[in-house]
Amino acid sequence: MVELAGIIILGIIAQWVAWRFKLPAILPLILIGLFVGPISTLYTEGGQKIIEPIWNGDKGLFPGEGLYYFVSLAISIILFEGGLTLKRSEIRNVGPVITKLITLGSLVTFICAGVATHFIFGLSWQISFLFSALIIVTGPTVITPILRNIPLKNDISAVLKWEGILIDPIGALAAVLVYEFISVGEGQAYTLTAIIEFGKILLFGFTFGFTFAHALAFAIKKNFIPHYLLNVVSLSVVLLVFVQSDLFAHESGLLAVVVMGMVLGNMDLPNLKELLYFKESLSVLLISILFILLSANINIADLELIYNWKTALLFCVIVFFIRPLGVFLSAAGSNLKFNEKLFIGWVGPRGIVAAGIASLFGSKLIARGETGAEYITPLVFMIVLGTVLLNATTARLFAKMVGVFLNKSEGIVIIGASKVSRLIGEYLKNNDRHVVLIDNNQTNINKAKKLGLEAFSANIYSDSLADNIELNDVGYLMALTGNSDINKYAVNKFGNQFGENGSFRLVNADEMIDPENNPKEGLFSHTDDFVRLTETARSYPAIHEIEIKDQEHYDGLIEITKADGNIVPMFLKTKEGELKIISSFSKEFDDIEEGYQLVYLGKMLDVDTTVEASEKA
């Protein structure tokens, strides 16, 4: 009981440490696991581990293969949650690159790492290629925390995110085929077995995943599942799909749950965001438990086995040669620039699937007396820990060195997806600005998506918004909801992260009446709140541009917009096409010259109005 509670408590502490210092959680989790596992044998009485994952006749949490069953089920939930986050809209520009990375890139890693391991450690070809199959994967649980803290182009983030999730079943499949090769033996028997296993994994993985995704979606849409049971029913269906698929074809369950998650994630499904929140929380808990258990399961003799120069050499070959080679071959002929390929080649941390399957296959082969099998688990953990440590500490610096770090984040996140927000979003998109609309009203989100806008449903009070890597190039925040409290909350909570170049909100009715109470972050004008904006958009649903002659002309136009309730100034467009957000402090621009344009919502200003503005100036 103490050990189980301790694992959960230590896991959550590690998660907090990771959040506090902006590190992938896997790093403190593995270190904790090593300290309560193999390292603890150096200073405890009797040389026993503080936490013994597998029952050894005296103590332990899981009997027999119970640990690996638990690991497999937990990984299925984690991969399903990852599949839910994969949106087709993210890969319009980089779909072919991702496809090549999980095929050609995997093949490069498999062959090159296998050859390197064989010649560096002198292991058999079978064991060497089992190791190389296991390190094909780049886990989403470790890539996502790294990307959250680096402002990058969406294409780069999408490539790394999709690769990390989709390549997990690929690596598992390759490991299964090599394991079968070792188990069955060489020759015709293996060839026939491999073909059959490969076909079965693809057939049952895709069939179960696709079928059960549509079945669950149908049940949710028809309200066959009560709201309070939605999360637990979904969880049970995920486990059912994984187990059933795995019974028909070993390791096809991983593919099945990823396919199921992807299908559900790209459906117009009510309550999907609640399902995501639940699975996200569950994944955090499971990851915390898994990494501590798997790390603690390593023995001190395993660590001593790989504590030499050969391990360092193999690590360098994998990180500095094999990973970049796979990326550059996969990205050849794509729209990615050289420096972007270089960065993707640098970021390749391994994760939970590699560690979990390595522990399973390594133990099985050791029990069978396979020569060199004792190297599998410690070598894989060395790659996992080493790549995570390297990428977590250097990814941001390396992004700056190669020039993919966005020093000036021009993206704009709009809180609220009402008609006004959609009009503004369309204008910004047409002017080549990355704009994202966020709302918890699914109807508004659907309307925004029909206009071709990037929008997603989210609760502004949830921390998951801050973790969204699709927002890592956002530098401006505009709170445009009808609720003044939500607007203030958004600016206060997310202003530092998403509004480093400026965070703004609409004034409320009280502030509009009292000009002296004009907030610094007031948006557009102190005479226009959400109601005025909505009425203007309903009567005149269009955004216009008008040429500005000079500073005085601009000041005169602003005065006219204050007097006319059907005109709302929004942006100042420079001669170079740069858009500057107008705040309620309209006099803040003092360098306006001929060629600039005033961008405004509402009734179109005519020539007479322009002349009037000039005369007032």
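**Figure 1. Arg-323, a buried residue of the predicted model, and its charged partner.** Arg-323 is buried, with a relative accessible area of 9%, in this predicted model. Arg-323 forms a salt bridge with Glu-163, and the closest N and O atoms of the two are 2.7 Å apart. The pair links distant parts of the chain, for Arg-323 belongs to helix H13 (residues 309-330) and Glu-163 to helix H7 (residues 154-184), 160 residues apart. Glu-163 also counts as buried, because its relative accessibility of 1% is under 20%.

**Figure 2. The salt bridge between Lys-573 and Glu-545.** A search of the whole structure finds two salt bridges; in this one, the closest N and O atoms are 3.1 Å apart. Lys-573 lies in strand S7 (residues 567-573) and Glu-545 in strand S6 (residues 543-547), so the contact ties together parts 28 residues apart in sequence. Lys-573 is buried at 13% relative accessible area, whereas Glu-545 is partly exposed at 35%.

**Figure 3. The largest cavity, with about 70 Å³ of space.** The structure holds three cavities of 30 Å³ or more. Of the 13 residues lining the largest one, Gly-105, Ser-106, Thr-109, Glu-163 and Arg-323 are the closest to its centre. Helices H4 (95-121), H7 and H13 each supply at least two lining residues. The lining comprises five nonpolar, five polar and three charged residues.

**Figure 4. The second largest cavity, of about 40 Å³.** Its lining consists of Val-319, Arg-323, Gly-345, Trp-346, Gly-348, Arg-350, Thr-387 and Asn-391. H13, helix H14 (338-346) and helix H16 (376-402) each contribute at least two of the lining residues. By class, two are nonpolar, four polar and two charged.

Conventions: Residues are numbered from 1 along each chain as its sequence is written. This is a predicted model: local features need pLDDT of at least 70, side-chain atom pairs count only at pLDDT 80 or more; totals for chains, interfaces and linings use all residues. Side-chain values use heavy atoms; hydrogens and water are left out. A salt bridge is a side-chain nitrogen of Lys or Arg within 4 Å of a carboxyl oxygen of Asp or Glu. Helices (H or I, at least four residues) and strands (E, at least two) are DSSP runs, numbered from the N terminus. Buried means under 20% relative accessible area, exposed over 50%, partly exposed in between (1.4 Å probe, protein chains only). On a 1 Å grid over the protein atoms alone, a cavity is a set of points where a 1.4 Å probe fits but cannot get out, and a pocket is an open set with protein on both sides within 12 Å along at least five of seven lines; lining residues have an atom within 4 Å of a point. Grid points are joined across faces, edges and corners, and a volume is the space filled by probe spheres set on the points. Ala, Val, Leu, Ile, Met, Phe, Trp, Tyr, Cys and Pro count as nonpolar, Asp, Glu, Lys and Arg as charged, and the others, Gly among them, as polar.
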